[in-house]
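Let's take a friendly walk through a protein fold, one piece at a time. Have the picture at hand as you read.

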Amino acid sequence: MDKRSSLEFEYGRRLRECSSEERQDLYAEAYSKTVEAGAADMPEDIESRTAGTSRGLVTALQKICRKSDSVLEVGCGRGYTCLNLAPYVESIVGTDVSEPSLRETDQVLKDHGVTNARTESVNAFDLDKAFEPASFDKIISIDLIEHLHPDDALRHVKSACAALKPGGALIVVSPNRVTGPHDITRTHFPDSREPKGFHLNELSQRELIDTLRPFGFERFQPFAIHPVRWLPFSGATYPLAFSLWIERLFESGPTDNRYWLRLGRLLSPFLRIRMIAYKGTSMADTGQAGKL
């Protein structure tokens, strides 16, 4: 096992076991240390240095966002989304707790002459403290919520809702629990059904919706990276009912059956969570939403 994997398992254990207060600083330490440990193995090409973000996903986000949008990306990593989405929006702010990642993002934005994007070191659950209420039209969360302790995930959703304008959208991309685990557990412990690394909170689509709804999100729309031409609703988005039906079908199946797993790979475009959650238009602030 390499140094980065060892660090991830160790920090994953500590994040699961420590108190809420201890986690606040431990997130920054964990992700800064693991990013530094893996830096030597990173390719030079920026697109190859991304994790969950890809050209296809950014293309979908470019269609979802508008030129007039003020956008926040929570957990911006090495800056791939900020760089490629900036020309399509009014402004974008990238936040992260990993200082090495933020330094790399700043350098990437500078090297490409991007002037409407900036970064800030902010925890995912402190968005309401770092930014004015109702500041953003869109908040993007790519492969983030599964990295948060379940308690912190609730705080993240609440703070994201506070930072969104009424009618604004939280865009969540995350692996689906029903086909997990999706962190390095899959490589090092293939028989494990529970994540042991940095994924503290893998959710199903239905569980994600149940997490979001009490905090003021009222409408949910799955979206695809590429249109599926053989479906009658081909396009960037598709019906939530169809996506939930696929999830229930797979969750009820035999997870140890190789043919069923092959079916899961075939249906993976609909099992991977890519969700647009819209904040209620009548909400002036999160005082009308769930409380922690």
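In this predicted model, Ser 174 stands opposite Ile 273 in strand E7. Strand E5 (residues 164-174) and strand E7 (residues 273-279) run antiparallel and are joined by 6 bridges. Strands of a sheet pair through backbone hydrogen bonds, either parallel or antiparallel.

Now look at the sheet as a whole. It is open and has 7 strands, in the order E3-E2-E1-E4-E5-E7-E6, with mixed pairing. Strands E3 (117-121) and E6 (217-222) are at the edges with a single partner strand each, so one side of each has no neighbour in the sheet. On average, neighbouring strands are turned by 20° against each other, direction ignored.

| Helix | Strands touched | Angle between directions |
|---|---|---|
| H5 (residues 99-111) | E2 (91-96) and E3 | about 165° with E3 |
| H9 | E5, E6 and E7 | about 20° with E7 |

Helix H9 (residues 205-212) also packs against helix H10 (residues 240-251), at an angle of about 125° and with the axes 9 Å apart. The two helices are therefore oblique to each other. H9 brings Gln 205, Arg 206 and Ile 209 to the contact, while H10 brings Leu 240, Ser 243, Leu 244, Glu 247 and Arg 248. By class, this contact has 3 nonpolar, 2 polar and 3 charged residues.

What about helix H7? The helix covers residues 150-163 and reaches 20 Å from its first C-alpha to its last, close to the 20 Å expected at 1.5 Å a residue. Its buried residues include Asp 152, His 156 and Cys 161.

How values were computed. Residues numbered from 1 in each chain as written. Predicted model: local features only at pLDDT ≥ 70, side-chain atom pairs only at ≥ 80, totals over all residues. Heavy atoms only, no water. Axes fitted to C-alpha atoms, helices over the stretch in contact; angles between N-to-C directions. Helix = DSSP H or I, 4+ residues; strand = E, 2+ residues; numbered from the N terminus. Parallel < 35°, antiparallel > 145°, perpendicular 65-115°, else oblique. Contact = heavy atoms within 4.5 Å. Nonpolar A, V, L, I, M, F, W, Y, C, P; charged D, E, K, R; others polar. Expected span 1.5 Å × (residues − 1). Buried < 20%, exposed > 50% of the residue type's maximum accessible area, 1.4 Å probe, protein only. Pairing = 2+ DSSP bridges.
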